[in-house]
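Please have the sequence and the model at hand while reading.

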Amino acid sequence: MTTQPKIDRTARRNQLVRESFEQVESKGAIASLVFYQRLFTLDPSLRALFRHDIEQQGEKLMQALKFAVATLEQPRELQSALEALGRRHVYYGVKYCHYDTVGIALLHALEHLLGPAFTPEVKEAWLAIYTLVAETMKCAAAKTGEGISGAAAVTGLANDDTRAPRDSE
């Protein structure tokens, strides 16, 4: 019996996220609009949390994604930034359940923009990264003692029924 070399799954996941984000980043304005359109379709009540220009909010979203992708190999820097972001989001009115909706909208936007390049492997990579981001933010938010409870639970994004349908479906 021969053993095959162990593949560094984290490195492969990070590579897939970086490469696919490069394709999306060049279409940042479109990506953020697709994201927010899907987010508000999934949960119209979330629109009230965005008091400023949605285009400016989209730029912030893209900057946050860019930072997260750029710091995948620097977990301490990423964790610190995500914890601060999670604490701030409590004061914006973000609830625990909103993270799943955001994840679904993000995967939808990625699928929409990447088309056939949004393979199951790319989806799985983004899902893993988003789960890490969301769980880190929720744990930090829970420590503020407000709003979010049960931060140790895993997001429901891994369920097959959460796959965002394409516009043609």
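What percentage of the 169 residues of the protein count as buried? In this predicted model, 41% of the residues of the protein count as buried.

## Fold and surface

The secondary structure of the protein consists of six helices and zero strands, and from the N terminus on the order of its elements is accordingly written α-α-α-α-α-α. Of the contacts in the protein with a separation of 6 or more, 74% are accounted for by residues 24 or more positions apart.

The protein has an accessible surface of about 10,200 Å², and carbon and sulfur atoms contribute 54% of this area.

## Enclosed space

Rolling a probe the size of a water molecule over the atoms shows where empty space is left. When the whole structure is searched, one cavity of 30 Å³ or more is found, and the largest cavity holds about 70 Å³ of space.

The lining of the largest cavity is made up of Phe21, Val24, Ala31, Phe35, Leu61, Met62, Leu65, Leu106, Ala109, Leu110 and Leu113. The elements that give two or more residues to this lining are helix 1 (9-25), helix 2 (28-42), helix 3 (54-70) and helix 5 (98-114), and helix 5 gives the most, with four residues.

Sorted by class, the residues that line the largest cavity comprise 11 nonpolar residues, with no polar and no charged residues.

Methods: Residues numbered from 1 in each chain as written. Predicted model: local features only at pLDDT ≥ 70, side-chain atom pairs only at ≥ 80, totals over all residues. Heavy atoms only, no water. Buried < 20%, exposed > 50% of the residue type's maximum accessible area, 1.4 Å probe, protein only. Contact = heavy atoms within 4.5 Å. Areas by Shrake-Rupley, 256 points an atom, 1.4 Å probe, with all protein chains shown as cover. 1 Å grid on protein atoms, 1.4 Å probe; cavity = no way out; pocket = protein on both sides within 12 Å on 5 of 7 lines; lining within 4 Å. Points joined across faces, edges and corners; volume = space filled by probe spheres on them. Nonpolar A, V, L, I, M, F, W, Y, C, P; charged D, E, K, R; others polar.
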